[in-house]
Amino acid sequence: MKSTPLTIIVIGASGDLAQRKIIPALFALASRGLLPDHYTIVGFARTAMSDDEFRTRCMEHLTCRYTPQSNCAEHMTRFLERCRYFSGQYDNPDTWFELHRFLHGIEQAPVADRMFYLAVPPDVFTPVARAIGNAGMVSCDEAKGWSRIIIEKPFGRD
């Protein structure tokens with residue numbers, strides 16, 4: 001597996017979509033060895049909570065349905081140890097700069113890949129994407145690590 005650290009930032013991590021679908025899907029990938037050796041899941045939302053509270057909420061939705069059945073508890077423990085949480089307001093530019101510093105502290109590497117997974121309402125997509133860019137969290141220089149923004153929800157209102 002690739003040695004560049006991967007940070008997956010789930011924006012809207014306290015919501016139902018993230019807790020019931022996205023986090024369990026990431027767990028399934030991790031437990032099957034489909035994520036890099038060095039990865040971190042960062043939940044970001046407006047709801048204030050600690051890393052441990054976030055891990056407890058995540059654990060409530062993890063199953064070993066798509067995981068090798070042997071050592072399921074071990075897979076969960078390893079996955080949850082890599083889960084962190086950051087709380088802030090989407091419309092506050094300072095929050096995004098603080099998140100950027102938080103990510104640098106976690107990654108502890110000169111090069112890291114980042115995937116921003118937007119599990120937020122469609123009317124927040126554009127402001128969040130702009131805030132990520134304005135805070136300097138993305139780079140067009142692949143030598144510094146790639147950056148991707150993934151939009152989960154369909155466009156439209158129905």
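In which strand is the place of Leu-118? Leu-118 sits in strand E4. The model is predicted: local features need pLDDT of at least 70, side-chain atom pairs count only at pLDDT 80 or more, and totals for chains, interfaces and linings use all residues. Residues are numbered from 1 along each chain as its sequence is written, and side-chain values use heavy atoms, with hydrogens and water left out.

**View 1. Leu-118 in strand E4.**
Helices (H or I, at least four residues) and strands (E, at least two) are DSSP runs, numbered from the N terminus. Leu-118 has a relative accessible area of 0% and is therefore buried. Here buried means under 20% relative accessible area, exposed over 50%, and partly exposed in between, with a 1.4 Å probe and protein chains only. Leaving aside neighbours within four places in sequence, Leu-118 is in contact with Ile-11, Phe-125, Val-128, Ile-149, Ile-150, Ile-151 and Glu-152. Contact means heavy atoms within 4.5 Å. Asn-71 is 47 residues from Leu-118 along the chain, and their C-alpha atoms are separated by 31 Å.

**View 2. Strands E4 and E5 run parallel.**
Five bridges join E4 (residues 113–118) to E5 (residues 147–151). Two strands pair if DSSP finds at least two bridges between them. Leu-118 has Ile-151 as its bridge partner in E5. Together with helix H5 (residues 122–134), E4 and E5 make a right-handed β-α-β unit. Right-handed means that, with the strands pointing away from the viewer, the path from the first strand over the helix to the second runs clockwise.

**View 3. Tyr-117, also a residue of E4.**
Tyr-117 counts as buried because its relative accessibility is 16%. Not counting residues up to four places away in sequence, Tyr-117 touches Ile-9, Val-10, Ile-11, Ile-22, Ile-150 and Glu-152. Ile-11 lies 106 residues away along the chain, yet the C-alpha atoms of Tyr-117 and Ile-11 are separated by 5.9 Å.

**View 4. The largest nonpolar core, with 49 residues.**
A nonpolar core is a set of buried Ala, Val, Leu, Ile, Met, Phe, Trp, Tyr and Cys residues joined through side-chain atoms within 4.5 Å. Val-10, Ile-11, Ile-41, Phe-79, Tyr-90, Trp-96 and Leu-99 have the most contacts inside this core. Helix H1 gives the largest share, six residues. In soluble globular proteins, nonpolar side chains tend to be buried together. Ile-41 is in contact with Ile-8, Val-10, Ile-23, Leu-26, Phe-79, Arg-82, Cys-83 and Arg-84, its neighbours within four places in sequence left aside.

**View 5. Ser-31 in helix H1 (residues 16–31).**
Ser-31 is buried, because its relative accessible area is 7%. A polar atom of the Ser-31 side chain lies 3.2 Å from the backbone oxygen of Ala-28. A polar contact is a pair of N or O atoms within 3.5 Å; within protein, one must be able to donate a hydrogen and the other to accept it, and residues adjacent in sequence count only if both atoms are side-chain atoms.

**View 6. Aromatic pairs: the count comes to seven.**
Rings of Phe, Tyr and Trp (its six-membered ring) pair if their centres lie within 6.5 Å; planes under 30 degrees apart count as stacked, over 60 as edge-to-face and the rest as tilted. Phe-44 and Trp-96 are edge-to-face, at 4.9 Å centre to centre and 85° between the planes. This pair links distant parts of the chain, 52 residues apart: Phe-44 is in strand E2 (residues 39–45), Trp-96 in helix H4 (residues 93–107). Phe-44 is buried at 0% relative accessibility, and Trp-96 is buried at 0% too. Phe-54 and Tyr-85 have ring centres 5.2 Å apart and planes at 40°, so that pair is tilted. Phe-54 in helix H2 (residues 51–59) and Tyr-85 in strand E3 (residues 83–87) are 31 residues apart. Both are buried. Ring pairs also link Phe-44, Phe-86, Tyr-90, Trp-96 and Phe-102 into a cluster.

**View 7. Met-49 in the loop between E2 and H2.**
Met-49 is buried, since its relative accessible area is 14%. Leaving aside neighbours within four places in sequence, Met-49 is in contact with Ser-14, Phe-54, Arg-57 and Tyr-85. Met-49 and Ser-87 are 38 residues apart in sequence and 7.2 Å apart in space, C-alpha to C-alpha.

**View 8. Gln-108 in the loop between H4 and E4.**
Gln-108 has a positive phi, near 45°, and is not a glycine. Most residues other than glycine have a negative phi. Gln-108 counts as exposed because its relative accessibility is 70%.
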